[in-house]
Amino acid sequence: MSEQAILPLRTSSAPAESMLDKARAAHQKYIIKQQNDDLENAIGYYIEAIRNDSELAEPYYRLASLMYEKGQISIESAIEQCKTAISLEPANANAHIYAGYFLSMSEDYRAAQQEFNLAIKAGCVNSARPRLFLSRLIKREMMLEGKSFLRVVKYLYYLLSGSVLLMCDSAAIKMMLDTVVDNISVFSYRTLGETFEKAKMFTSAYKTYTRGMTKTEHGDIFYKKMGDLSMSRQDLLSGLECYRKALKTTPDNREVLLKLATLLQTSFPDKIDEAIDYYNRLLEFNIDNDKIYYELGHLYLQKEDKLNSISAFKLALRYNENNPYFNNSLAYAFVRAELYDDAIEYYQRAIKLNPDAQWTSIVCHALGAVYGEVKGNLEAAEATYQAGLVLYPSNYELLLSLGDLLIAKGELDRAIRTYCDAITVNPENFLAYAKAGLALWEKDYVEEAVVSFHKSIALNPNFEISQNNLGVVYLDGLDAPQEAVGYFQNAIKLNPNYTLAYFNTARALQALGNNTGAAEYYQMSLDLNKLTNELDDSDIKSRLHDLFD
């Protein structure tokens, strides 16, 4: 972030003191509660104090601490602001403490020791903090440069004297007491709320957390508890709002960021951009970045942002190149981007890693589809499907796809056996019966085809394709146009835009001698075909004209 310059503007000191009091109060609240609003308020009040009285030292070193923590200034700028405070009040112990702290962070240990010594001299009995800081600095020095008798003595002296004098530091004692009181209050409300939750008294728990929020102002704790409670009761909107409020109080709360990102991703598909923003913020913690990039990849796929989805999955693989799920998802992203050769490579990697037989058989199904439907390599597609079935013979969808492939290759007997295998795996699913019926019909096993289509319809009366195909078997295989018409009409009711069903109805009516009705249905199929392109227009027109020759 860009550094913020503080422009002193000399005015009256009374408004400055008022701003300084407000700044101290907000600063103390921030130290205890660690909430963003208090941090912003403290920074704003300190800046106003300087604008009203540029000779006040305290706002400079306090601002140095807060603005550096917020990332608004560099460590060098923080040191300069502390030096400004020292130039205004050379005997200000706190100014020297802050200067020493930032100098130690910049690894200028000698200068830091000088500042802590000046703070000890200025603070007298209130010098516990600079003594403890100095003991830590000496310990650091011993770790880097080695121990000596003098260093050990100095370290023990400042550690022990600082610990004893801490009891005389009224500011530190007050801060500790305030923190203890705050912690007790938070603990009380949280424990009571959790007790209500365990007793299934959810309304009382929610009210308790709300009171805890009002009394303690710990939004990071109680808004999150309210969000968790809302989620447990499936009140997703309330949960979302509570988590948002929790994040507003503590923008760097990783747990809340993760809850928000996950909730938006799984339950609010219209808020993809917000979920992406939260996942990107989670990357700044550098924890589980592979998983975060993986989730980002799926979110970009939802947005049809194919290039970013590919980039995200690739970044996930940089962290964990042997993760089969990452490889599979990258392959799928390549398919969506129509980069099929790349997709084949990563599908093969996922299959080779094979974390689970059932899952890997699904990947084989996807790769086989690319080989067969995109590359036109039916042999490679069949080999891949067969490999998937070796891994998991009960993959119903894979059996259906293999059957379809065998029909495309003209191997009807093998296709029928494959569909029968699918029926054995899942006898209550209508689709294998429908596909088997079609293969049996192509093989001229008319009676068997009728049985198969009837079973498909019994399992799913709303599948219009089986209704139409059974009608075709009755019309063309059993010469029963009257029965056929009923099935064609069922198909049309289920799908009013089913061009082939209108065409077949016309054929059946023509076979029954109802030329007027046949002409009407031929014309409807001709009109619909302009939209669906299912049939050859010339064939429909020829049949229509033949009715009246």
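Tyrosine 294 and phenylalanine 326 are both buried, where buried means under 20% relative accessible area, exposed means over 50% and partly exposed lies in between, with a 1.4 Å probe and protein chains only. This is a predicted model, in which local features need pLDDT of at least 70, side-chain atom pairs count only at pLDDT 80 or more, and totals for chains, interfaces and linings use all residues. Residues are numbered from 1 along each chain as its sequence is written, and side-chain values use heavy atoms, leaving out hydrogens and water.

**Aromatic pairs**

- Searching the whole structure gives 16 aromatic pairs; rings of Phe, Tyr and Trp (its six-membered ring) pair if their centres lie within 6.5 Å, and planes under 30 degrees apart count as stacked, over 60 as edge-to-face and the rest as tilted.
- Tyrosine 209 and phenylalanine 222 make a tilted pair, with 6.4 Å centre to centre and 40° between the planes.
- Tyrosine 209 sits in helix α10 (residues 202–216) and phenylalanine 222 in helix α11 (residues 219–232), 13 residues apart; helices (H or I, at least four residues) are DSSP runs, numbered from the N terminus.
- Tyrosine 209 and phenylalanine 222 are both buried.
- Tyrosine 294 and phenylalanine 326 are also tilted, at 4.9 Å centre to centre and 35° between the planes.
- Tyrosine 294 belongs to helix α15 (residues 289–302) and phenylalanine 326 to helix α17 (residues 324–336), so their pair ties together parts 32 residues apart in sequence.
- A cluster joined by ring pairs contains Tyr68, Tyr101, Phe102, Phe116 and Phe133.

**Cysteines**

- The whole-structure search finds 0 disulfides, a disulfide being a pair of cysteine sulfur atoms within 2.5 Å.
- Cysteine 242 counts as buried because its relative accessibility is 5%.
- Cysteine 364, at 2% relative accessibility, counts as buried too.

Technical notes
Helix = DSSP H or I, 4+ residues; strand = E, 2+ residues; numbered from the N terminus.
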